[in-house]
Amino acid sequence: MRVYDIIEKKKLGEVLTDKEIAFVVEGYTDGSIPDYQMSALLMAIYFQGMNDKETALLTECMAKSGEMLDLSAIEGIKVDKHSTGGVGDTTTIVLAPLVAAADVPVAKMSGRGLGHTGGTIDKLESFPGFKVELPIEGFIENVNKHGVAVVGQTGNLAPADKKIYALRDVTATVDNVSLIAASIMSKKIAAGSNAIVLDVKCGSGAFMKTLEDAKKLGDAMVRIGKEVGRNTIAVVTDMNQPLGNAIGNSLEIMEAIDTLKGNGPRDLTELTHTLAANMFVLAGRVATVEEGLSLAAELIESGKAMDKLREWVASQGGDACSVDDYSLLPAAAKQMDVVLEETGYVAAIDTEMIGKAALVLGAGRENKESIIDLGVGLIMHKKIGDKVTKGDVVATLYYSDNSHTEAAIRYIKDAYTFSTESIEKPQLIYTIIR
Ligand code: URA
Ligand code: CA
């Protein structure tokens, strides 16, 4: 088999066989196929596309390129949740204890933040002492004992994706639905769960800017899931503004705890309950999404979700008292209100810019070596549809030193667009693809 012929075939729009796809993925991962040939093939795929079968085969080959986690030692149906990424997205920290409180096992690997998006693993480190690295045996043991464990991704999950993604990043071949779907699903499949709930974000803060593209991506991932025998659903949700009000690591932890107490922001509450309800259905815990929603509400109401949060934090070495006493969490030394000189209704918020405001304050990483300041970030007081009168506080900055507050304020001011006419609050959940 020659890579040249495979590139030629795809260039002409033909369908690749399973052997050809396996040959390419294995060859590129082990270094026998050079970057230039893989680049050419990726560009051919970009223009000619791949059918469902090819996409599923590519996904499986990438998943199998490294370690495939075996979670069979954990009893029950393991349901994973994955978000395609956004700003202020605190859902995992609400969902993990909420779902585990229903006796549905949560065995989750999460990532750190990069650029303007935050990462669950960084946020969890806000709990003093919380360990995000567990050996695989400890990870499984914690899930069996406490029903929940969330850890950082291990080094050798889908290495083919890691390499291909890095190449796509520099060859303008990231934004292809088949390639994104295969990339995300390969990691989810390698992570070992039986079923997957995807939160596909759509809007100014997301990868997919339009609903049409987000639906296409969700649809492609659901079809891959079916093709490889992992029950998958995709919830397409709004990311035209940050989720909740808090952006920044310990600020988001407090927001997640508030939500587990039933006092969270409306959007974060709606999203986490919807995702939990769908996870309960996939796990066979309830028969319908409606029952799942009632169960989620009941676990919040009874305090069982909060009990599970305390148990989970302690089980990974964290200080469970910090769940009830926010003064034990990292905090920024200073606060500053951001006031706008406009009057009107918030019509749009450039979500990426809000993410950048938090980033420059130190809540995120400019590069892999940056050190995060867990206490800093911002709280938004005005979101789309809200009325703002000149002099109103739209956001509060939490910061440690003054050197970047000016830049953060600039970003926030630039992020807001106003209208003189009233604006409807955007829908949060657009559609669910099954
Ligand atoms: N996230 C991924 O993991 N892969 C992609 O290709 C795009 C987003
Ligand atoms: Ca938030």
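**Sheets, helices and the ligand shell**

Modeller: Ile-349 stands opposite Tyr-416 in β12. This is a predicted model, in which local features need pLDDT of at least 70 and side-chain atom pairs count only at pLDDT 80 or more, while totals for chains, interfaces and linings use all residues. Residues are numbered from 1 along each chain as its sequence is written, and chains are lettered from A and ligands numbered from 1 in the order in which they are written. Helices (H or I, at least four residues) and strands (E, at least two) are DSSP runs, numbered from the N terminus.

Strand β8 (residues 344-349) pairs with strand β12 (residues 416-419) in the antiparallel sense over 4 bridges; two strands pair if DSSP finds at least two bridges between them. Within that pairing, Val-346 stands opposite Phe-418 in β12. β8 also pairs with strand β10 (residues 387-388), again in the antiparallel sense, over 2 bridges, and there Tyr-345 faces Lys-387 in β10.

Another open sheet has 4 strands in the order β1-β4-β5-β13, with mixed pairing. β1 (79-83) and β13 (429-433) stand at the edges with a single partner strand each, so one side of each has no neighbour in the sheet. From one strand to the next the twist averages 15 degrees; angles run from 0 to 180 degrees between N-to-C directions, and axes are lines fitted to C-alpha atoms, for helices over the stretch in contact. β1 pairs with strand β4 (residues 195-202) in the parallel sense over 5 bridges, with Val-79 opposite Ala-195 in β4. Helix α12 (residues 266-282) packs on this sheet, touching β1, β4, β5 (231-238) and β13, and its direction makes about 170 degrees with that of β5. Two residues are in contact if their C-beta atoms, placed from the backbone, lie within 7 Å.

Next come the helices. Helix α8 (residues 159-170) packs on helix α9 (residues 177-190) at an angle of about 150 degrees, with the axes 10 Å apart. α8 and α9 are therefore roughly antiparallel (over 145 degrees; under 35 is roughly parallel, 65 to 115 roughly perpendicular and the rest oblique). Asp-161, Tyr-165 and Arg-168 of α8 make the contact with Leu-179, Ser-183, Ser-186 and Lys-187 of α9. These residues divide into 2 nonpolar, 2 polar and 3 charged, where Ala, Val, Leu, Ile, Met, Phe, Trp, Tyr, Cys and Pro count as nonpolar, Asp, Glu, Lys and Arg as charged, and the others, Gly among them, as polar.

α9 also packs on helix α10 (residues 211-227), at an angle of about 50 degrees and with the axes 9 Å apart. α9 and α10 are therefore oblique to each other. The residues of the contact of α9 with α10 divide into 10 nonpolar, 2 polar and 1 charged.

Finally, the residues around ligand 1 are Tyr-165, Val-174, Leu-179, Ile-180, Ser-183, Ile-184 and Phe-207, a residue being near a molecule if its C-beta atom, placed from the backbone, lies within 6 Å of it. The largest share of this shell, 4 residues, comes from α9. By class the shell has 6 nonpolar, 1 polar and no charged residues.
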